[in-house]
Amino acid sequence: MEYQDTRKDGIVFFLLKNDTNQIYVTNYGATLLSWLVIDRHGMLEDLVLGYETMEEYQTQDGYLGACLGRVANRIERGRFTLNGSEYTLPVNNGPNSLHGGTNGFSHRIFDWEIVNDQCVRFTLVSPDGDQGYPATLEVAITYTLEGDTLSIRYEAQSDADTIVNLSNHSYFNLDGSPSIKEHTLKIEADRFIPVDADGLVVADTFAMSDAMDFRQEKPIKQALDSDDEAIRLGKGIDHPYVFRTKTDPVVLASSKSGLELVVNTSYPQAQIYTANYLDGRPGKHGVPMKAQSAICIETQYRPNDINQDPQSPTILRKGEKYDEWTSFTVRKR
């Protein structure tokens with residue numbers, strides 16, 4: 001494996017590669033920086049959006065390619081109760097706490113270990129009280145390239161009861177176009193979870209409206225250009241979809257590049273987000289990253305679940321192990 005150690009600030013860059021893929025990751029935020037493949041026309045495509053410089057990753061928001069923790073997505077009013085004690089988190093997204101707080105895992109420098117030429121493991125110790133969360137948490141995030149599949153494994157253990165919901169926030173665009181609307185999407189889900197005007201999930205799942213239904217593959221623009229109430233509230237798609245199958249629950253495709261991205265995971269659902277809040281800031285090579293120019297497939301447990309389910313799977317008990325994974329496979333059509 002090739003890697004570059006900047007040494008001055010502890011940030012290290014790694015290249016996982018084989019005959020068909022070049023994948024760049026860093027220990028800053030355990031972030032996926034770039035995924036280069038050749039499309040069916042022989043053109044080199046970078047499948048993920050990102051910034052041009054590391055300084056931008058350190059100072060900008062958007063969570064581009066970063067791993068999220070301790071808890072991905074929103075927690076209502078930045079509060080939750082565990083074992084009879086209430087905990088308060090930083091509020092950094094309207095009235096709610098988002099993606100672990102103001103200084104979540106996406107802005108941390110992880111320790112690292114090269115497992116082999118195709119695998120790097122990032123580790124972090126989050127102390128008791130970090131961003132308001134209880135217990136000292138030991139986290140490992142492992143990237144592995146096998147053939148045309150990139151896998152991310154999330155592991156954690158805690159010295160006391162706490163909550164954990166780890167995910168990745170890569171923005172995918174399979175053909176470099178300025179919009180995700182012409183991509184097609186298929187999601188194996190009969191139900192999705194609506195959100196309010198602040199992006200917080202409501203209490204129950206809803207059956208699919210026509211706009212939100214991706215059980216049959218269709219262009220994303222059919223949803224984004226609709227007047228569906230869920231689309232209006234989310235300013236696009238920004239909703240959890242609850243999977244009905246464990247095999248290939250999400251498939252994203254581009255007829256322009258002839259590439260498709262197949263997602264598999266141990267998680268029961270994913271937050272599908274069409275980059276509605278990107279604001280035209282410059283990305284790689286100075287190209288503006290505009291709203292709905294990419295899509296995030298954030299596999300995870302249900303957002304805000306600790307405030308809705310006393311037996312939430314986001315609760316990690318002392319001595320137990322958190323162990324989940326997500327894989328992304330790129331194919332030519």
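Start by selecting Tyr63, in the loop between helix 1 (54-59) and strand 6. Helices (H or I, at least four residues) and strands (E, at least two) are DSSP runs, numbered from the N terminus. This is a predicted model, where local features need pLDDT of at least 70 and side-chain atom pairs count only at pLDDT 80 or more, while totals for chains, interfaces and linings use all residues. Residues are numbered from 1 along each chain as its sequence is written, and side-chain values use heavy atoms, with hydrogens and water left out.

Stay on Tyr63. Its phi is near 60°, a positive value in a residue other than glycine. Is Tyr63 buried or exposed? Tyr63 counts as buried, at 17% relative accessibility. Buried means under 20% relative accessible area, exposed over 50%, and partly exposed in between (1.4 Å probe, protein chains only).

Now show the largest cavity. Tyr63 is among its lining residues, as are Tyr28, Tyr51, Tyr57 and His107. A cavity is a set of points on a 1 Å grid over the protein atoms alone where a 1.4 Å probe fits but cannot get out; lining residues have an atom within 4 Å of a point. The volume is about 80 Å³. That is the space filled by probe spheres set on the points, with grid points joined across faces, edges and corners. Six nonpolar, four polar and one charged residues make up this lining. Ala, Val, Leu, Ile, Met, Phe, Trp, Tyr, Cys and Pro count as nonpolar, Asp, Glu, Lys and Arg as charged, and the others, Gly among them, as polar.

Next, select Gly69 and Arg70. A cis peptide bond joins them, with omega about 5°. Arg70 sits in the loop between strand 6 (67-68) and strand 7 (74-75).

Go on to the second largest cavity, of about 50 Å³. Val71, Ile75, Arg302 and Asp305 are among the residues that line it.

Five strands form it in the order 1-2-3-4-5, with antiparallel pairing. Strand 1 (2-5) and strand 5 (44-46) stand at the edges, each with a single partner strand, so one side of each has no neighbour in the sheet. Two strands pair if DSSP finds at least two bridges between them. Strand 3 (residues 22-26) and strand 4 (residues 31-38) pair over five bridges. Select Tyr24: Ser34 in strand 4 stands opposite.

Last stop: Ala135, in the loop between strand 12 (119-126) and strand 13 (137-146). Its phi is near 80°. Ala135 is buried, with a relative accessible area of 4%.

Technical notes
1 Å grid on protein atoms, 1.4 Å probe; cavity = no way out; pocket = protein on both sides within 12 Å on 5 of 7 lines; lining within 4 Å.
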